[in-house]
Amino acid sequence: MLDNCPVTLEEIKNHLHILSEDFDQTLWLNLRSATAAAESYIGRDIVRRVVGMSMPFSKTFTVADYTTVENVTVDGEDVEYTQVNNKVTLLVDNGKVVRCDVISGWLPEQCPMDIKMAIMLMAAKYFNNPVDSVEQLPKASTSLLKPFKNYMI
């Protein structure tokens with residue numbers, strides 16, 4: 001239901017001590033908003049995604065930190081490659097267009113606990129004060145997310 005959100009509906013309901021299903025839709029929206037806010041703050045994907053990119057041919061190129069290359073094609077043909085950290089080296093010598101599919105973010109069960117807690121705290125704040133204009137993330141959330149922040153943007 002939550003498209004690989006790292007925090008489940010059951011977890012946020014337990015956190016807020018909610019036993020009924022009366023607020024499920026609202027909590028779902030709060031979780032999606034909190035996850036998006038956390039991704040925006042740290043400058044990288046939290047929810048697992050496959051992202052495609054195309055570029056002019058180059059034998060080596062870099063991908064973002066914390067991503068894994070899933071597939072590479074040159075001029076529409078699958079090619080072999082190596083990936084060391086964020087550097088990808090193609091095992092072909094020429095071509096016109098490189099297409100690369102990368103996986104970013106975490107599976108829900110692999111997401112760091114600090115990120116999950118930050119999302120839970122934000123979703124709880126949205127739930128407990130739905131009319132507040134949220135100009136800042138809760139201080140505890142920013143403290144939990146800071147180690148994951150991408151400062152290279």
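**Reading a helical region**

Modeller: Let's start with one side chain. Leaving out neighbours within four places in sequence, Lys13 is in contact with Ile18, Ser20, Glu21, Asp24 and Leu27. Keep in mind that this is a predicted model.

Biologist: Where does Lys13 sit, and is Lys13 buried or exposed?

Modeller: Lys13 belongs to helix 1. The cut-off for buried is under 20% relative accessible area, and Lys13 comes out at 11%, so it counts as buried.

Biologist: Which residues of helix 2 are buried?

Modeller: First the general idea: an α-helix has 3.6 residues a turn, so residues three or four places apart point the same way. In this case the buried ones are Asp24, Leu27, Asn30, Leu31, Ala34, Thr35, Ala38, Glu39 and Ile42. Looking down the axis of helix 2, these buried residues fall within an arc of 165°, so they line one face of the helix.

Biologist: And what covers the buried residues of helix 2?

Modeller: The cover includes helix 1, helix 3, helix 4 (139-145) and strand 1 (49-56).

Biologist: Helix 1 and helix 3 also pack together. At what angle do they pack, and how far apart are their axes?

Modeller: Helix 1 (residues 9-16) and helix 3 (residues 113-128) pack at about 65°, with axes 10 Å apart. The crossing of helix 1 past helix 3 is right-handed. On the helix 1 side, Glu11, Ile12, His15 and Leu16 take part; they meet Lys116, Met120, Leu121, Ala123, Ala124, Phe127 and Asn128 of helix 3. By type, the residues of this contact divide into 7 nonpolar, 2 polar and 2 charged.

Biologist: Now the backbone. Which residue with a positive phi follows helix 2?

Modeller: That's Gly43, with phi near 75°. Now for residues other than glycine. His17 has a positive phi of about 60° though it is not a glycine; His17 sits in the loop between helix 1 and helix 2. Asp75 is also not a glycine, and its phi is positive, near 50°. Asp75 lies in the loop between strand 3 (67-74) and strand 4 (77-78).

Biologist: How exposed are His17 and Asp75?

Modeller: His17 is exposed, with a relative accessible area of 70%, while Asp75 is partly exposed at 43%.

Methods:
Residues are numbered from 1 along each chain as its sequence is written. This is a predicted model: local features need pLDDT of at least 70, side-chain atom pairs count only at pLDDT 80 or more; totals for chains, interfaces and linings use all residues. Side-chain values use heavy atoms; hydrogens and water are left out. Axes are lines fitted to C-alpha atoms, for helices over the stretch in contact, and angles run from 0 to 180 degrees between N-to-C directions. Helices (H or I, at least four residues) and strands (E, at least two) are DSSP runs, numbered from the N terminus. A crossing is left-handed if the near helix is turned anticlockwise from the far one by less than a right angle, and right-handed if clockwise. Contact means heavy atoms within 4.5 Å. Ala, Val, Leu, Ile, Met, Phe, Trp, Tyr, Cys and Pro count as nonpolar, Asp, Glu, Lys and Arg as charged, and the others, Gly among them, as polar. Buried means under 20% relative accessible area, exposed over 50%, partly exposed in between (1.4 Å probe, protein chains only). The arc is that of the directions from the helix axis to the C-beta atoms.
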